[in-house]
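Here are some exercises to work through with a protein structure on your screen. Try each task yourself, then follow the solution step by step.

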Amino acid sequence: MAARGAALQAVLCAAVVSLALCAGGIGASPAGCRKHVRRVTEYGAVGDGRTLNTDAFVRAVSDLSRCAGDGGAALVVPAGRWLTGPFNLTSHFTLFLHRGAEILASQDLEDWPLIAPLPSYGRGRDEPGPRYSNFIGGSNLTDVIISGNNGTINGQGQVWWDKFHAKELDYTRGYLLELLYSRDIIISNVTFVDAPSWNLHPTYCTNVTISGVTILAPVHSPNTDGIDPDSSSHVKIEDCYIVSGDDCIAVKSGWDEYGIRFNMPSQHIVVRRLTCISPTSAMIALGSEMSGGIQDVRVEDNIAINTESAVRIKSGVGRGGFVRDVFVRRLSLHTMKWVFWMTGNYGQHPDNSSDPKALPEVTGINYRDVFAENVTMAGRMEGIPNDPYTGICMSNVTAQLAPKAKKLQWNCTDVQGVAYGVSPEPCPELGAEGKPCTFPDEELVIGPPELPKCTY
């Protein structure tokens with residue numbers, strides 16, 4: 001009886017602590033805003049750019065998780081430079097960065113614990129085995145917002161890039177932000193800088209809105225993809241500005257036999273009003289890790305400047321999966337190596353167990369209303385022998401050539417499609433006279449009609 005009484009007293013004490021914490025909030029809030037608000041300074045954080053604040057961020061999130069059932073909570077990061085190691089978020093939670101706030105990732109690798117590889121990848125992307133923690137993470141979350149007045153999350157990636165180039169890393173680099181198995185996510189009005197590797201990686205997630213985000217990395221930094229929806233559904237990316245050392249956006253769904261086994265596609269994805277600069281990669285890539293499938297991707301009203309290619313499909317033997325029902329319209333492209341690029345010989349594999357009989361299905365790829373200038377080559381379209389990419393449609397496309405453009409403007413193998421109003425004249429594989437390509441009339445409903453207008 002005494003033990004039972006002590007346990008009951010402990011539960012009651014925890015409830016009192018939780019009520020005390022959540023009772024101290026700001027009271028009623030506008031729709032979509034949090035009821036309870038704390039500043040990271042209340043947990044002992046110091047914004048001098050030198051003090052390590054990992055404990056403060058971890059304790060703050062842990063404490064505010066108790067308010068999830070009482071209107072949720074916001075952790076406010078005021079102006080200053082807040083150095084910290086990796087930390088996780090919680091549900092019904094907002095991380096809000098004031099203007100002038102900069103969260104700095106620790107450059108000490110000892111501060112980054114190892115975590116398990118993703119089940120749809122089977123290993124780390126850079127190296128076999130486990131991987132370094134992501135800087136900001138979370139799993140099985142609901143209703144998470146990362147927003148503010150254009151504060152900055154800085155991965156301080158140079159130390160990682162140097163070690164990667166020198167082959168001094170035994171494990172895969174962490175990503176700047178990765179959320180797993182989560183839903184109802186909003187990321188808006190924040191700047192992400194110098195990620196160790198990929199920047200934003202929503203994985204196994206649904207109902208994700210990424211709006212008004214700036215992502216910056218040196219154009220020769222390794223694998224600094226901007227936004228990579230991975231085995232995720234109902235994702236909206238809009239009004240973002242990305243300068244990257246890799247693809248500005250890469251839609252993924254797992255790697256070879258691991259992605260095939262996990263079997264979770266990326267689907268119902270919208271990308272609009274993106275501005276991308278990536279001289280060595282794509283504005284938007286589909287793949288190459290696409291073994292769980294990619295379908296219903298809608299791309300419109302995007303701008304690429306000094307970028308290698310526009311919407312690129314990357315796959316290969318052993319990937320399996322599919323890429324289908326892709327709709328692209330109203331692209332404005334300036335200084336491009338290729339306007340259209342499809343790759344069927346992407347050769348990176350997680351191990352020696354990839355099945356050579358696992359061939360991807362690529363079909364139903366539609367491009368319309370594309371204008372490009374200062375182009376080196378209009379199209380490099382390479383499917384897979386005995387597994388052609390089919391159902392390709394191009395209409396109302398103009399590619400104005402650069403002074404040193406290639407004499408051969410189209411290189412097409414193992415592809416089939418139609419063209420309508422395309423200049424320069426496409427290759428015979430795409431030469432059948434078509435009609436204007438389709439784009440879905442019905443708009444996908446993703447996220448709230450309007451982003452919450454909250455000030456903390």
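A residue is called buried when its relative accessible area is under 20%. Keep in mind that the model is a predicted one.

**Exercise 1.** Find out whether C412 and C427 are bonded, and where each of them sits.

*Solution.* Start with the distance: the two sulfur atoms are 1.9 Å apart. The cut-off for a disulfide is 2.5 Å, and C412 and C427 do form one. Next, locate the partners. C412 belongs to strand β30 (residues 410–413), while C427 is in the loop between β31 (415–423) and β32, so the bond ties together parts that are 15 residues apart in sequence. Then look at the torsion about the S-S bond, which is -80° and makes the link left-handed.

**Exercise 2.** Work out the handedness of the disulfide between C248 and C276, and describe which parts it ties together.

*Solution.* First, the sulfur atoms of C248 and C276 lie 2.1 Å apart. The torsion about their S-S bond is about 80°, so this disulfide is right-handed. Now place the two residues: C248 is in the loop between β20 (241–243) and β21 (249–251), and C276 is in strand β23 (residues 275–277), so parts 28 residues apart in sequence are tied together. Finally, C248 has a relative accessible area of 0% and is buried; C276, with 0% as well, also counts as buried.

**Exercise 3.** Describe the link between C393 and C437.

*Solution.* A disulfide joins C393 to C437, with 2.1 Å from S to S. C393 is part of strand β29 (residues 389–401), and C437 is in the segment after β32 (432–433); the pair links distant parts of the chain, 44 residues apart. The angle about the S-S bond is -95°, which is left-handed. C393 and C437 are both buried.

**Exercise 4.** Is E289 buried or exposed, and which side chains make polar contacts with its side chain?

*Solution.* Begin with the position: E289 is in the loop between β24 (282–286) and β25 (294–307). Its relative accessible area is 2%, so E289 is buried. Now turn to its side chain, which makes a polar contact with the side chain of R125 at 2.5 Å and another with the side chain of K252 at 2.6 Å. Beyond its neighbours within four places in sequence, the residues in contact with E289 include Y121, W198 and R319.

**Exercise 5.** Classify the ring pair of F327 and F439.

*Solution.* The structure holds 15 aromatic pairs. In this one, the ring centres of F327 and F439 are 6.3 Å apart and the planes meet at 65°, so the pair is edge-to-face. F327 lies in strand β27 (residues 322–343) and F439 in the segment after β32, so the pair ties together parts 112 residues apart in sequence. To finish, F327 is buried at 12% relative accessible area, and F439 is buried at 9%.

Key. Residues are numbered from 1 along each chain as its sequence is written. This is a predicted model: local features need pLDDT of at least 70, side-chain atom pairs count only at pLDDT 80 or more; totals for chains, interfaces and linings use all residues. Side-chain values use heavy atoms; hydrogens and water are left out. Helices (H or I, at least four residues) and strands (E, at least two) are DSSP runs, numbered from the N terminus. Buried means under 20% relative accessible area, exposed over 50%, partly exposed in between (1.4 Å probe, protein chains only). A polar contact is a pair of N or O atoms within 3.5 Å; within protein, one must be able to donate a hydrogen and the other to accept it, and residues adjacent in sequence count only if both atoms are side-chain atoms. Contact means heavy atoms within 4.5 Å. Rings of Phe, Tyr and Trp (its six-membered ring) pair if their centres lie within 6.5 Å; planes under 30 degrees apart count as stacked, over 60 as edge-to-face and the rest as tilted.
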